[in-house]
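Thanks for coming. I will go through one structure today, starting with charged side chains and ending with a pocket.

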Amino acid sequence: MPAGVPDTGDTMPEERRSIDAWLAPNPLITRLAPIRGDSMVDMGLLDGDTAVYEVRQHADVGEIVYALIDGEETFKLLACDDKGRYLQPANADPRYQPLRPKQSLDILGVVIGTFGRRRGRAASRR
């Protein structure tokens, strides 16, 4: 259904979704966390939005994770090379470099979605 088309009730029931079922298919392990910063804008994680993640201690390389690296919480892509696991930002700006743990890297969860309010204006990047 195109954006802006009202649901008049004639939509097939299997095409309708409740927001809670869509955002949290596994509600017992689903959590929300605020997104701060611009390091993941190329993956659509925008400053001020909210990440929806599932609590997991394991993630596959390439997944967006909510992680604790050396005591700091962050959202990044999980990556791995011959030196071990690290966190990769998704922003073409060279200020955003991969993060390699000095002491610890713990996966807190895997991001399954995000949402935010736009208040009628296009979101702007800083």
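One term comes up at once: a salt bridge is a side-chain nitrogen of Lys or Arg within 4 Å of a carboxyl oxygen of Asp or Glu. Please also keep in mind that this is a predicted model.

Take Arg56 with that cut-off in hand. Its closest approach to Glu63, N to O, is 3.9 Å, and because the limit is 4 Å, the pair counts as a salt bridge. Arg56 has another such partner, Glu54, with a distance of 2.8 Å from N to O. Put together, Glu54, Arg56 and Glu63 form a network of salt bridges.

How exposed are the members of that network? Arg56 is partly exposed, at 28% relative accessible area. Glu63 is also partly exposed, at 24%. Glu54 is buried, at 6%.

How many salt bridges does a search of the whole structure find? The search gives 4. Arg100 is partly exposed, with a relative accessibility of 36%. Asp81 is partly exposed too, with a value of 28%.

Back to Glu54, now for its surroundings. Glu54 is part of strand β2, which covers residues 50–55. Which side chain, besides that of Arg56, makes a polar contact with the side chain of Glu54? It is the side chain of Asn26, at 2.8 Å. The polar contact between the side chains of Glu54 and Arg56 is listed at 2.8 Å as well. If we set aside residues up to four places away in sequence, Glu54 touches Pro25, Asn26, Ile29, Thr30, Leu108, Gly109, Val110 and Ile112.

Is Ala59 buried or exposed? Ala59 is buried, because its relative accessible area is 7% and buried means under 20%. Along the chain, Ala59 and Val110 are 51 residues apart, yet 6.6 Å separates their C-alpha atoms. Beyond its neighbours within four places in sequence, Ala59 is in contact with Val65, Leu78, Ile107 and Val110.

Next, Asn91. At 18% relative accessibility, Asn91 counts as buried. Its side chain has a polar atom 2.6 Å from the backbone oxygen of Asp38. A polar atom of the Asn91 side chain also lies 2.8 Å from the backbone nitrogen of Asp93. What lies around Asn91, once its neighbours within four places in sequence are left aside? The contacts are Asp38, Ser39, Val41, Asp42 and Tyr96.

Rolling a probe the size of a water molecule over the atoms shows where empty space is left. The second largest pocket in this model has a volume of about 160 Å³. It is lined by 14 residues, and the closest to its centre are Pro34, Arg36, Glu73, Thr74 and Phe75.

Which element gives the most to the lining of that pocket? It is β4, with 4 residues. Both β1, residues 30–34, and β4 supply at least two residues each. Sorted by class, the lining holds 7 nonpolar, 3 polar and 4 charged residues.

To recap with the structure in view: find the network of Glu54, Arg56 and Glu63.

Key
Residues numbered from 1 in each chain as written. Predicted model: local features only at pLDDT ≥ 70, side-chain atom pairs only at ≥ 80, totals over all residues. Heavy atoms only, no water. Buried < 20%, exposed > 50% of the residue type's maximum accessible area, 1.4 Å probe, protein only. 1 Å grid on protein atoms, 1.4 Å probe; cavity = no way out; pocket = protein on both sides within 12 Å on 5 of 7 lines; lining within 4 Å. Points joined across faces, edges and corners; volume = space filled by probe spheres on them. Nonpolar A, V, L, I, M, F, W, Y, C, P; charged D, E, K, R; others polar. Contact = heavy atoms within 4.5 Å. Polar contact = N/O pair within 3.5 Å; in protein donor to acceptor, adjacent residues only side chain to side chain.
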